[in-house]
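Trainee: I would like to go through the labels on this structure. Please set each value against its rule.

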Amino acid sequence: MREVPEVPERTDDQPGRGPAGRVPFQVVEVTGPSMVPTLHHGDWLLVQYGAPVRPGDVVILRHPFQQDLLVVKRAVERRDGGWWVLGDNRFAGGDSTDYGTVPEELVLARVRARYRPLAKDQRSVRGVAVWAVSALRPVSAPRPVSAARSVSRRFRAR
């Protein structure tokens with residue numbers, strides 16, 4: 001994820017700010033493949049600071065070992081000492097399987113929506129139509145694979 005400036009803090013003359021004095025919403029850009037297929041390199045995210053986190057939410061957190069680095073991961077479950085977070089791309093790494101449980105205070109924001117900018121190769125009418133349908137989406141938990149569906153049926157549907 002592209003580094004984000006310090007979270008702006010509230011002063012007494014700035015009404016309308018969220019809990020703990022933070023600006024409640026901010027836009028950040030995704031860099032890297034760790035959240036593919038949910039998020040792609042270059043996507044923009046609308047994040048809400050101070051929002052309650054539930055299992056399945058996509059969150060912004062400070063890396064536990066390199067706290068000047070902000071990362072985007074999925075909060076899988078609350079454990080003793082914080083959150084277990086994973087990337088949706090299990091081959092990319094860089095999540096709780098590497099650094100363990102993330103302390104609660106390092107989880108900064110919850111992702112509310114994703115905006116995928118128009119790519120240069122999407123200039124055809126069909127490309128723009130496909131982009132328009134999928135450009136702005138709320139970010140939610142991935143749908144579980146139904147036990148009744150076989151892997152082969154899922155591949156045929158594509």
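This is a predicted model: local features need pLDDT of at least 70, side-chain atom pairs count only at pLDDT 80 or more; totals for chains, interfaces and linings use all residues.

Trainee: Why is the contact of Arg74 with Asp88 called a salt bridge?

Mentor: The rule asks for a side-chain nitrogen of Lys or Arg within 4 Å of a carboxyl oxygen of Asp or Glu. In Arg74 and Asp88 the closest N and O atoms are 2.7 Å apart, so the pair qualifies. Arg74 is in strand E4 (residues 70–79) and Asp88 in the loop between strand E5 (82–86) and helix H1 (96–99), 14 residues apart. Helices (H or I, at least four residues) and strands (E, at least two) are DSSP runs, numbered from the N terminus.

Trainee: How many salt bridges does a search of the whole structure find?

Mentor: Five. Among them is Arg79 with Glu77, at 2.5 Å from N to O. Another is Arg78 with Glu104, at 2.9 Å. Arg78 lies in strand E4 and Glu104 in the loop between H1 and strand E6 (107–115), so this bridge ties together parts 26 residues apart in sequence.

Trainee: What makes Arg74 buried or exposed?

Mentor: Buried means under 20% relative accessible area, exposed over 50%, and partly exposed in between, with a 1.4 Å probe and protein chains only. Arg74 has 6%, so it is buried.

Trainee: How do you know that the charged end of Arg79 sits over the ring of Trp84?

Mentor: The rule wants NZ of Lys or CZ of Arg within 6 Å of the ring centre and within 35 degrees of the ring normal. The charged end of Arg79 is 4.0 Å from the centre of the Trp84 ring.

Trainee: Why is the aromatic pair of Phe65 and Tyr99 called edge-to-face?

Mentor: Rings of Phe, Tyr and Trp (its six-membered ring) pair if their centres lie within 6.5 Å; planes under 30 degrees apart are stacked, over 60 edge-to-face, and the rest tilted. Phe65 and Tyr99 show 6.3 Å between centres and 85° between planes, so they are an edge-to-face pair. Phe65 is exposed at 64%, whereas Tyr99 is buried at 9%.

Trainee: What makes Tyr115 and Trp131 an aromatic pair?

Mentor: Their centres are 6.5 Å apart and their planes 85°, which also gives edge-to-face. Tyr115 is in strand E6 and Trp131 in helix H2 (residues 125–134), 16 residues apart. The count comes to two aromatic pairs.

Trainee: Which residues form the nonpolar patch on the surface?

Mentor: Phe25, Val27, Trp44, Leu46, Tyr115 and Leu136, with about 550 Å² of accessible area together. Strands E1 (25–29) and E2 (44–49) each give two or more residues. Patch members need over 30% relative accessible area and no salt bridge; like charges are joined within 9 Å, nonpolar side chains (Val, Leu, Ile, Met, Phe, Trp, Tyr) within 5 Å. Areas come from the Shrake-Rupley method with a 1.4 Å probe, and for residues only the protein chains shown count as cover. Tyr115 has 35%, so it passes the area cut-off.

Terms used. Residues are numbered from 1 along each chain as its sequence is written. Side-chain values use heavy atoms; hydrogens and water are left out.
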